[in-house]
Amino acid sequence: MGARQELTKAFEGRAEAVEANGPPLVGLFGDGCPEALVAGAGGRAVDVKAAPLQDVPEVSAVARVVEPFMDGFARRFLHRFAAGAFSRFAAILFCRDDVAALAAYQYALELRRQGRVAPGPRLILWNLLHGTSDALHAFNLSEAERALAELHEVLGAVPDAARTEGALVREARRQAACAALEESGLSARERYVFRNAGRWLAPEHHAALLENLVPKGIATRRRAALVGAATDTPALVGLCDDVRLGLTDLTPYGQGWPACHAGPGNLPGLLRSVSEAPLHIRTNPPARFGAALDAGISGCDLVISAVDGNDDSFGWELPRLRRSLSVPLVDLGFRPFRPDEGWLSDARAQIEEALT
């Protein structure tokens, strides 16, 4: 199997296709926890936020208590959780800075407390704030030590500096491969799929696959910046390929996730590398996020925005963005969790109109 086929298979199979051999599996719901910390604790980090590409069957115990307006990522996770999709996992870390993670964590805890679901992985809250102040970093360090103590308890491992250092070396290789991918000339859809496939691959294997890719670039005319809420499919970035737009993807799944960053080789330094990254909607103060967004948009010919119906964050940024832009803004409004052909056709028409 070639590198392209293996990366695509990992992206499409997701957590359900991850083999249980090797270190104990630790699910990550969100991107706020450096994966090297999980490896240093003796586990293997695997994304559990992104749902399977096919429909997730509903479980009655969840359907009876989950409100219809709940975030799509959280709702699908809870149905998978109740169906036993994560029974092979030792623990799941919920990153509090993720829009959907807190609701998923609270509902999963309550479903378990009420006996509505079978025993399963330890549920741990990763409570990290974004900003630069000393008080904020002290809070993050205290919360990280608490969460990691829980993780070590369930994994039966003790902190191991050498194991963490090895994990950082592997993440550094992956980070370099992801950076090279963005300069490879591959289509936006391929870059999206191949980069995010690493959420379900060991870092050294992911890096090796990326390093073996042979670029097949597409000709583009102008460049768009994609902004808005997280989407775990390449439907919208693929649409930009179809109209021959180069793409700067500034959405959560459009960037190298902070969890894969190598960063400094100690806990405080790793936490700072994640919490001080400004391109995060929870950044404090909010103006830091706005400045990072503006910098990412610089040089683009238009901006495309799409949020989901449960967005409680990025939509507040749109009025400021609309006022400050000197290029057209294509506001696609609410995007379905999994866009269908009708929605994509309408989105394409709006983009093409902005390009004329």
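Is R14 buried or exposed? R14 is buried, with a relative accessible area of 1%. The legends below describe close-up views of a predicted model.

**View 1. Confidence along the chain.** The protein chain has a mean pLDDT of 92. Of its residues, 97% reach 70 or more. Among the elements of the chain, strand β4 (residues 122–126) has the highest mean pLDDT, 98. The lowest, 90, belongs to α11.

**View 2. Two arginines with a positive phi.** R14 lies in the loop that runs between α1 (3–13) and β1 (25–29). Although R14 is not a glycine, its phi is positive, at about 60°. R14 counts as buried because its relative accessible area of 1% is under 20%. R244 is not a glycine either, and its phi is also positive, about 60°. The loop that holds R244 is the one between α10 (235–242) and β6 (245–249). R244 has a relative accessible area of 40%, so it is partly exposed.

**View 3. Strands β1 and β2.** The two strands β1 and β2 pair in the parallel sense, over four bridges. Within this pair, G27 stands opposite V46 in β2. In a regular strand, side chains alternate between the two faces of the sheet. Strand β2 (residues 44–47) is covered on both faces. R44 and V46 are buried on one side, and A45 and D47 are buried on the other.

**View 4. The largest pocket.** The largest pocket holds about 700 Å³ of space. It is lined by 38 residues, and those closest to its centre are T251, P252, L279, H280 and I281. By class, the lining has 19 nonpolar, 10 polar and nine charged residues. At least two lining residues come from β5, and at least two from α12 (286–297). Why does the largest pocket lie between domain 1 (3–161) and domain 2 (218–355)? The pocket lies between them because both domains give residues to its lining.

**View 5. The second largest cavity.** Rolling a probe the size of a water molecule over the atoms shows where empty space is left. A search of the whole structure finds two cavities of 30 Å³ or more. The second largest cavity has a volume of about 30 Å³. Its lining consists of L226, V227, G228, A229, T231, L236, T251, A306 and R335. Strand β5 (residues 222–228) gives the largest share of this lining, three residues. Sorted by class, the lining of this cavity has five nonpolar, three polar and one charged residues. T251 lines the second largest cavity and is also one of the residues closest to the centre of the largest pocket.

View 6. Which peptide bond is cis, with omega near -5°? The bond from N284 to P285 is cis, with that omega value. P285 is placed in the loop between α11 (267–275) and α12.

**View 7. G185 and G246.** G185 is in the loop between α7 (161–182) and α8 (188–196). G185 counts as partly exposed because its relative accessibility is 37%. In sequence, G185 and G246 are 61 residues apart. In space, the distance between G185 and G246 is 9.6 Å, C-alpha to C-alpha.

Definitions and conventions. Residues numbered from 1 in each chain as written. Predicted model: local features only at pLDDT ≥ 70, side-chain atom pairs only at ≥ 80, totals over all residues. Heavy atoms only, no water. 1 Å grid on protein atoms, 1.4 Å probe; cavity = no way out; pocket = protein on both sides within 12 Å on 5 of 7 lines; lining within 4 Å. Points joined across faces, edges and corners; volume = space filled by probe spheres on them. Nonpolar A, V, L, I, M, F, W, Y, C, P; charged D, E, K, R; others polar. Domains from an automatic or database assignment. Buried < 20%, exposed > 50% of the residue type's maximum accessible area, 1.4 Å probe, protein only. pLDDT = per-residue confidence, 0-100. Pairing = 2+ DSSP bridges.
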